[in-house]
Amino acid sequence: MGQLRNSLRSFAINLALFLISVAVPVFALDAYVGRFLSYGSTNQNTPNAKYTFTNSSYTFSVKLNSDGFRERELPTGPKKTGKRVVFVGDSFAFGWGVAAEDSFVRIVERRLKDADGEAAWEVINLSIEGTDPRDYVDCAKIFGPVLKPDIVV
């Protein structure tokens, strides 16, 4: 029993050393390099861009608003009624691969409005494909004071 415990302890220590010495720097380098390289669409976050993406599995169209976000224009004034929720995120929240009305954010919006009424929620999607949490923070810092959301997801 003592020998098994020592073996497990040795394995855990070796695994921790591996993660610290190899895996963490590789992931850090990947994140650093990814911050400066753009993969995918050249229209990413370009205001008023329209493009269609096609591959062997699916085709979908994207229309960006005048601020470079998908679909609707951003509100210019304070919310009229209810709560304002702003989503920031990557391709999942952006709705990569689906029509804008089928994106995660619009599904959440429909469910909120079905539950609480049309006027209870204003949902804004500030997601951009290919972004990471640092970009979400930057986006929230820029658009938060303007949009004054009640909730940021």
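The protein chain contains four helices and five strands, where helices (H or I, at least four residues) and strands (E, at least two) are DSSP runs numbered from the N terminus. This is a predicted model, in which local features need pLDDT of at least 70 and side-chain atom pairs count only at pLDDT 80 or more, while totals for chains, interfaces and linings use all residues. Residues are numbered from 1 along each chain as its sequence is written, and side-chain values use heavy atoms, with hydrogens and water left out.

Along the sequence, the elements follow the pattern α-β-β-β-α-α-β-α-β. Of the chain's 153 residues, 26% count as buried; buried means under 20% relative accessible area, exposed over 50%, and partly exposed in between (1.4 Å probe, protein chains only).

Helix α1 covers residues 2-36 and includes phenylalanine 11. This residue is exposed, with a relative accessible area of 54%. Phe11 also belongs to a nonpolar surface patch of about 540 Å², made together with Leu15, Phe18, Leu19, Val22 and Val26. Patches consist of residues with over 30% relative accessible area and no salt bridge; like charges are joined within 9 Å, and nonpolar side chains (Val, Leu, Ile, Met, Phe, Trp, Tyr) within 5 Å. Accessible areas come from the Shrake-Rupley method with a 1.4 Å probe, and for residues only the protein chains shown count as cover.

Strands β1 (residues 50-54) and β2 (residues 59-63) pair in the antiparallel sense over five bridges; two strands pair if DSSP finds at least two bridges between them. A hairpin of four residues joins β1 to β2, and lysine 50 stands opposite lysine 63 in β2.

The structure holds nine salt bridges, each a side-chain nitrogen of Lys or Arg within 4 Å of a carboxyl oxygen of Asp or Glu. One of them joins lysine 79 and aspartate 150 (3.1 Å, N to O). This pair links distant parts of the chain, 71 residues apart: lysine 79 lies in the loop between β2 and β3 (83-87), and aspartate 150 in the loop between α4 (133-147) and β5 (151-152). Lysine 79 is partly exposed at 30% relative accessibility, as is aspartate 150 at 39%.

Another salt bridge joins arginine 106 and glutamate 109 (3.0 Å, N to O). These two residues are separated by about one helical turn because they are three residues apart in helix α3 (residues 104-116). Arginine 106 is buried at 3% relative accessibility, and glutamate 109 is buried at 4%. Both belong to a network of salt bridges that also links Glu71, Arg72, Lys113 and Glu118.
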